[in-house]
Amino acid sequence: MWIINLVGVVFVGLIVWWFWLYKPNEVKANKDLIITVENGVYSPSYITVPPNQAVSLVFNRKDPAPCAEQLLIPEFNISESLVLNQHTRVHLPAMPTGEYEFHCQMKMYKGTLRVSE
């Protein structure tokens with residue numbers, strides 16, 4: 001009985017870590033930054049871009065799951081279809097300082113754009 005409870009506590013701990021405590025590594029965007037969409041995640045998923053400059057990001061979708069097909073950045077009304085095994089360039093407008101989420105239509109794939117110096 002105590003083994004089942006221990007496994008349950010470990011499982012709950014993993015869920016808490018994954019959804020609330022996990023912080024991905026921050027990557028600064030450059031001209032050639034490619035964001036890979038694979039195995040249910042964007043990699044890198046925490047991207048820093050400079051403020052008040054238009055930038056573009058390149059997404060390479062390797063995940064055939066239907067959810068991975070659509071990329072949304074709601075704050076800028078961006079909805080882009082990502083073609084499987086091809087690079088898709090997404091152009092972003094000049095953005096004020098802040099953090100903006102990007103995700104698939106069901107929010108299963110998530111990432112953050114941090115606009116900062």
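The chain contains 1 helix and 10 strands, where helices (H or I, at least four residues) and strands (E, at least two) are DSSP runs numbered from the N terminus. This is a predicted model, in which local features need pLDDT of at least 70, side-chain atom pairs count only at pLDDT 80 or more, and totals for chains, interfaces and linings use all residues. Residues are numbered from 1 along each chain as its sequence is written, and side-chain values use heavy atoms, with hydrogens and water left out.

Let me begin with the overall architecture. Read from the N terminus, the order of elements is α-β-β-β-β-β-β-β-β-β-β. Along the principal axes, the C-alpha atoms fill a box of roughly 60 × 35 × 25 Å. Of the 117 residues, 34% count as buried; buried means under 20% relative accessible area, exposed means over 50%, and partly exposed lies in between, with a 1.4 Å probe and protein chains only. Among contacts (heavy atoms within 4.5 Å) between residues at least 6 apart in sequence, 57% join residues at least 24 apart.

Next, the largest pocket. Rolling a probe the size of a water molecule over the atoms shows where empty space is left. A pocket is here an open set of points on a 1 Å grid over the protein atoms alone, where a 1.4 Å probe fits and protein lies on both sides within 12 Å along at least five of seven lines; lining residues have an atom within 4 Å of a point. The largest pocket holds about 670 Å³ of space, the volume being the space filled by probe spheres set on the points, which are joined across faces, edges and corners. Its lining has 21 residues, of which Trp18, Tyr22, Pro24, Lys110 and Gly111 are the closest to the centre. Helix H1 (2-21), strand S3 (41-43), strand S9 (98-103) and strand S10 (110-115) each supply at least two lining residues. H1 gives the largest share, 4 residues.

The peptide bond from Ser43 to Pro44 is cis, with omega near 0°. Ser45 counts as buried because its relative accessibility is 16%. Leaving aside residues up to four places away in sequence, Ser45 touches Pro24, Phe102, Lys110, Gly111 and Thr112.

What of backbone angles? Most residues other than glycine have a negative phi, and most peptide bonds are trans. Asn52, in the loop between S4 and strand S5 (55-61), has a positive phi of about 55° although it is not a glycine. Asn77, in the loop between strand S6 (70-73) and strand S7 (78-81), likewise has a positive phi, near 55°. Both are classed as exposed: Asn52 because its relative accessibility is 59%, and Asn77 because its value is 73%.

Finally, Ala94 is located in the loop between strand S8 (87-92) and S9. With 45% relative accessibility, Ala94 counts as partly exposed. Beyond residues up to four places away in sequence, Ala94 touches Asn52, Gln53 and Ala54. Its C-alpha atom is separated by 31 Å from that of Pro64, 30 residues away along the chain.
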